[in-house]
Amino acid sequence: MSLSTALSIAQSALMNTARQTSVVSRNVADASNPDYSRRQAIVTSTAPGARSVDIQRVTNDLLFRQNLGALSAWSGQNALFSGMDQLGVAVNGVDNASSPSSAIANLQQALQLYATSPSNQNLGASVIDAAKQVVRSLNEGSKAVQDFRTQTDGQIATAVDDLNSLLSQFQDANTAVMTGTRSGNDVSDALDQRDALLKKISNYVPVSTFSRGDNDMVITTGDGTTLFETIPRTVSFAASAGYTAGAAGNAVYIDNVPISAGAGGNTSASGTLAGLLQLRDGVASTMQSQLDETARGLITAFAETAPSQPNKTGLFTWSGAPAVPAAGTLVNGLAASISVNAVMDPSSGGNPTLLRDGGANGAAYVANTGGASYSTLLIAYGDRLDQPMAFDPAAGVSATSSVSDYAANSIGWFEGMRQQASTASDAKEALASRSAEALSNATGVNVDQEMSLLLDLEHTYQASARMMKTVDDMMAALLNAVG
């Protein structure tokens with residue numbers, strides 16, 4: 001081997017070592033970056049030496065796709081669970097202390113006490129106060145539900161804006177990848193950026209991807225709607241200024257295709273948007289319907305009756321008074337309009353003894369034939385609260401039950417679904433975490449491994465340096481001999 005060949009080999013080895021060292025150093029520097037994929041400097045042997053020909057980015061497409069799916073599932077589930085936690089406290093209070101069910105139980109107790117001593121006007125006033133608390137829980141609960149829907153609507157609008165922004169950033173990253181691929185440059189950083197954006201996008205909607213020539217990527221949603229192809233598709237949503245009971249929310253569209261809301265406690269929602277839509281139009285709307293049905297049941301239970309006369313509102317009244325709402329039929333917004341009949345409310349100049357005697361709707365409805373000790377009507381009202389009646393099945397709770405049971409079943413429905421959402425959220429979060437860990441193990445940086453490689457490169461550098469020193473000594477000796 002000639003001295004010039006030996007020198008060339010040593011120089012090539014030093015250059016390769018420097019390139020590899022640079023790659024290892026970059027790996028170590030970005031070891032804590034979850035969006036960074038490990039780089040490998042691939043060296044191939046060529047005559048008369050060896051040179052680094054390529055820097056490769058470590059990938060695992062299967063694990064990456066699994067991670068995207070797990071992120072979407074957890075984001076949708078977490079949106080549902082977090083929202084239900086907030087909604088439950090807003091409507092029913094902590095530990096359901098301010099729920100209609102609790103208020104109705106207090107009303108039943110006050111009514112029973114009044115029935116044992118019907119001549120005690122203070123006990124009659126206590127029943128009216130308990131009825132006011134029932135009304136307050138329904139009125140405030142209805143307002144809380146609609147405020148929550150409005151708030152969720154705003155969150156949907158923000159999520160849509162964020163998603164459109166991410167798609168715009170993805171276009172820039174995708175363009176950088178394509179441009180670098182065509183020119184033969186290293187596109188590892190651009191690929192990292194593009195994958196990081198895909199993870200963020202999958203938090204909002206489920207994504208599926210495939211690549212075309214020049215590493216050009218196309219994104220579709222889980223149902224096949226195109227989200228990105230050369231340019232981002234428009235994600236559109238018209239937010240509402242406010243909501244009333246029964247009002248439908250606007251849909252979110254991707255390229256004019258609506259996103260479907262999730263369903264169930266272990267929700268089918270993939271992505272935050274589907275979870276928020278389920279909260280706004282599913283959970284909250286159903287909760288509102290149950291409040292409305294509870295209000296209708298109370299108006300019906302305390303309605304005044306008389307021979308040959310239509311039933312009319314008694315202790316509880318509403319915007320359609322004196323008529324009683326139709327049996328078994330949901331009246332949207334009833335929980336917001338229910339109130340205590342002013343003719344029985346002392347604070348409004350009313351007389352609470354009308355509850356005992358009847359007659360809020362005139363002489364034809366007077367039932368008292370026993371003077372101040374008359375309790376028959378009060379006992380009847382208490383019995384009606386525990387007697388089965390028809391409820392609209394569209395509200396999601398049993399179609400036949402008593403008013404008190406219906407209010408309790410409403411809490412049971414919500415808490416059961418919330419518990420399912422909590423359990424599923426924990427499971428899906430664990431899956432997302434495990435899939436991210438598996439992806440990191442396959443494509444991330446192991447610092448110990450990199451430091452070991454760095455030590456090997458140091459030895460290679462030392463060997464190359466010694467070779468160059470040897471060649472230098474031999475050339476110097478040769479020159480001295482010639483001279």
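**Notebook: helix packing and backbone checks**

I looked up helix 6 (residues 272–301) and helix 10 (residues 403–443) and found that their axes come within 9 Å and cross at roughly 170 degrees. Angles over 145 degrees count as roughly antiparallel, so helix 6 is roughly antiparallel to helix 10. I noted the hand of this crossing as left-handed. The model is predicted.

Next I listed who meets whom. On the helix 6 side I have Gln278, Val283, Thr286, Met287, Gln290, Glu293, Thr294, Gly297, Leu298 and Ala301. On the helix 10 side they meet Val403, Tyr406, Ala407, Ser410, Trp413, Phe414 and Met417. By class, I get 10 nonpolar, 6 polar and 1 charged residues for the contact of helix 6 with helix 10.

I then turned to helix 2 (residues 61–92) and helix 5 (residues 188–202). Their axes lie 8 Å apart, and the packing angle is about 30 degrees. The cut-off for roughly parallel is under 35 degrees, so I logged helix 2 and helix 5 as roughly parallel to each other. Helix 2 brings Phe64, Asn67, Leu68, Leu71 and Ser72 to the contact. Helix 5 brings Asp195, Leu198, Lys199 and Ser202. The class count for helix 2 with helix 5 is 4 nonpolar, 3 polar and 2 charged residues.

**Helix 4, end to end**

I checked the length of helix 4 (residues 121–183). At 1.5 Å a residue, its 63 residues should span 93 Å. I find the end C-alpha atoms 92 Å apart, which agrees.

Asn120 caps the N-terminal end of helix 4. A side-chain oxygen of Asn120 lies 2.9 Å from the backbone nitrogen of Asn122. Just after helix 4, I see Gly184 with a positive phi of about 80 degrees.

**Backbone exceptions**

I kept one rule in mind: most residues other than glycine have a negative phi, and most peptide bonds are trans. Which residue has a positive phi although it is not a glycine? I found Asp255, with a phi of about 55 degrees. Asp255 sits in the loop between strand 8 (253–254) and strand 9 (257–258).

I also looked up the peptide bond from Ala321 to Pro322. Is that bond cis or trans? I read it as cis, with omega near 5 degrees. Pro322 belongs to the loop between strand 12 (316–317) and helix 7 (334–337).

How values were computed
Residues are numbered from 1 along each chain as its sequence is written. This is a predicted model: local features need pLDDT of at least 70, side-chain atom pairs count only at pLDDT 80 or more; totals for chains, interfaces and linings use all residues. Side-chain values use heavy atoms; hydrogens and water are left out. Helices (H or I, at least four residues) and strands (E, at least two) are DSSP runs, numbered from the N terminus. The expected span of a helix is 1.5 Å times one less than its number of residues. A polar contact is a pair of N or O atoms within 3.5 Å; within protein, one must be able to donate a hydrogen and the other to accept it, and residues adjacent in sequence count only if both atoms are side-chain atoms. Axes are lines fitted to C-alpha atoms, for helices over the stretch in contact, and angles run from 0 to 180 degrees between N-to-C directions. Angles under 35 degrees count as roughly parallel, over 145 as roughly antiparallel, 65 to 115 as roughly perpendicular and the rest as oblique. A crossing is left-handed if the near helix is turned anticlockwise from the far one by less than a right angle, and right-handed if clockwise. Contact means heavy atoms within 4.5 Å. Ala, Val, Leu, Ile, Met, Phe, Trp, Tyr, Cys and Pro count as nonpolar, Asp, Glu, Lys and Arg as charged, and the others, Gly among them, as polar.
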